[in-house]
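Here is a colleague's note for someone opening this model for the first time. Please read the points with the structure beside you.

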Amino acid sequence: MKLPDFNQIIDRYNTSSVKWDFLNRHLHLNKSDLLPMWVSDFDFQCQKEVLQALHSRVDHGIFGYSERDDCYYQTAIDWFSRRHKLTLYRDWFTSIEGVIPGLALLIQMLSKPREGVIVQGPYYASFAKIITMNGRVVIENPLLESSEGYKIDYGHLEQMLEQHRPPLLLLCNPHNPTGRCWNSDELLQLLMLCKRYGTTVISDEIWADLILPWGKFTSILHLGSEWHSNVIVATSASKTFGLSSLRISNFLIPAPELRRAFIDRLNAHGLDVFNALSMTAATAAYQHGDVWLDGLQSYLAENRCWFEQALTSAAPWCRMTKAEGTYLAWLDCRDLGLDDDTLQRALLQKAKIVVSMGLNFGDQGKGFIRINLGCPRQYLEKAITGLVQLTS
């Protein structure tokens, strides 16, 4: 199989791309000289087998009501077995158009208004949004910074569990924005605490396939059936294969009562029909994606190593957090001594790059920025050139 040229520059303007075409709407920016490195989708064309499957489905020309067929389930089950040595069962699968909508429905289902939901900062901003907009309260369990990457503060976590008795904890594994992959010991300690206080763990594992060569992914479903009564896992092919707008995600729910309740919740919202093109793309990706993904992972690892070395030489004030997964770089810019508003202006006016500001990930993100490394090397070179300008 011939791999795509990941160095190829593909013009994404005028494709309704949030990252490239909607800077003005979302960030109130309207400058064509800015390099977008904020939204976490990558700038590579998806694999040819997915494109061929989509062309074939479109050529059929009929788009009536669609449902998941045997192939949809089996390719996903085979993928997780092959790539992660994880045994899944068809009856665990529930599906919805996107991880965040599914998380929002689970928050409604498993908690009451004004109850707390634990997140671990720096946390994905959409977690806080769906918690607060559903009338629940964000309870922060800040991660601990270390030279080896972020760690879970179990002492503080137990304090929050004991004090608030929250019904839910949203786990992100691999973690966005830091790139940490939680290991089995860390996950077991977290699950033991949550089970002790009756807290259900919902693990967002959408980044599970995008692991760096030195990293290892462990799902909470790897840890055994004794935890199945209070765990739910969110997955999707979208992040892995660049299918974010072809939205379909799978929520894996081993506990029958939890699963039936979630299916009832989906039916109550009329979420019982699925996008034919989304299912086609996900099925083809899982069926044929191994070689393509291996090539992408190698390229992303090279990008990260190149970027870190370039930062050390050209902008030593900007420290890159150690990561085991994702294509995101979590960069510590606190040595500049700038507040977040001043830092953002400097990035736009001097560096000419659009990043995700760390403050959007909670208080633990102050002084940090998140940059998307899922792009051709030429963009990273431009980003380094821009970062140098901040101290020139």
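1. Start with helix H5 (residues 99–110) and H6 in this predicted model. Their axes lie 10 Å apart and meet at an angle of about 35°. The crossing of H5 and H6 is right-handed. From H5, the residues Ile-100, Leu-103, Ala-104 and Ile-107 take part. They meet Ser-126, Phe-127, Ile-130 and Ile-131 in H6. By class, the contact of H5 with H6 has seven nonpolar residues, one polar and no charged.

2. Helix H3 (residues 48–60) packs with helix H11 (residues 276–288) at an angle of about 145°. The axes of H3 and H11 are 8 Å apart. This crossing, too, is right-handed. H3 brings Glu-49, Val-50, Ala-53, Leu-54, Arg-57 and Val-58 to the contact. H11 brings Ala-276, Leu-277, Thr-280, Ala-281, Ala-284, Ala-285 and His-288. The residues of the contact of H3 with H11 are nine nonpolar, two polar and two charged.

3. How is the chain divided into domains? Domain 1 is made of two pieces, 22–47 and 289–389. Domain 2 covers 62–287. Over C-alpha atoms, the centres of the two domains are 25 Å apart. The contact draws on 33 residues from domain 1 and 41 residues from domain 2.

4. Next, an open sheet. It has four strands, in the order E9-E10-E13-E12, and the pairing is antiparallel. Which strands stand at the edges? They are E9 and strand E12 (356–357). Each has a single partner strand, so one side of each is left without a neighbour in the sheet. E10 and strand E13 (residues 368–372) pair over five bridges, in the antiparallel sense. Among the partners, Asp-332 has Phe-368 of E13 as its bridge partner.

5. Look at strand E2 (residues 93–96). Both of its faces are covered. Phe-93 and Ser-95 are on one side, Thr-94 and Ile-96 on the other, and all are buried. E2 pairs with strand E8 (residues 249–252) through four bridges, in the antiparallel sense. Thr-94 stands opposite Phe-251 in E8.

6. Phe-251 and Arg-68 are 183 residues apart in sequence. In space, C-alpha to C-alpha, Phe-251 and Arg-68 are 14 Å apart.

7. Check the backbone for exceptions. Most residues other than glycine have a negative phi, and most peptide bonds are trans. Which peptide bond from Gly-121 is cis? It is the bond to Pro-122, with omega near 5°. Pro-122 sits in the loop between strand E3 (116–119) and helix H6 (125–133). A cis peptide bond also joins Asn-173 and Pro-174, where omega is about -5°. Pro-174 is in the loop between strand E5 (168–172) and helix H8 (184–196).

8. Two residues have a positive phi without being glycine. For Thr-326, phi is near 75°. Thr-326 lies in the loop between strand E9 (319–320) and strand E10 (328–332). Its relative accessible area is 2%; that is under 20%, so Thr-326 counts as buried. For Lys-352, phi is about 60°. Lys-352 is in the loop between helix H13 (340–351) and strand E11 (353–354). At 26% relative accessibility, Lys-352 falls between 20% and 50%, so it counts as partly exposed.

9. Finally, see Ser-40. It is in the loop between strand E1 (35–36) and H3. Its relative accessible area is 11%, so Ser-40 counts as buried. Which residues is Ser-40 in contact with, leaving aside its neighbours within four places in sequence? They are Trp-207, Lys-239, Tyr-327, Leu-328, Arg-370 and Asn-372.

Definitions and conventions
Residues are numbered from 1 along each chain as its sequence is written. This is a predicted model: local features need pLDDT of at least 70, side-chain atom pairs count only at pLDDT 80 or more; totals for chains, interfaces and linings use all residues. Side-chain values use heavy atoms; hydrogens and water are left out. Axes are lines fitted to C-alpha atoms, for helices over the stretch in contact, and angles run from 0 to 180 degrees between N-to-C directions. Helices (H or I, at least four residues) and strands (E, at least two) are DSSP runs, numbered from the N terminus. A crossing is left-handed if the near helix is turned anticlockwise from the far one by less than a right angle, and right-handed if clockwise. Contact means heavy atoms within 4.5 Å. Ala, Val, Leu, Ile, Met, Phe, Trp, Tyr, Cys and Pro count as nonpolar, Asp, Glu, Lys and Arg as charged, and the others, Gly among them, as polar. Buried means under 20% relative accessible area, exposed over 50%, partly exposed in between (1.4 Å probe, protein chains only). Two strands pair if DSSP finds at least two bridges between them. Domain bounds come from an automatic or database domain assignment.
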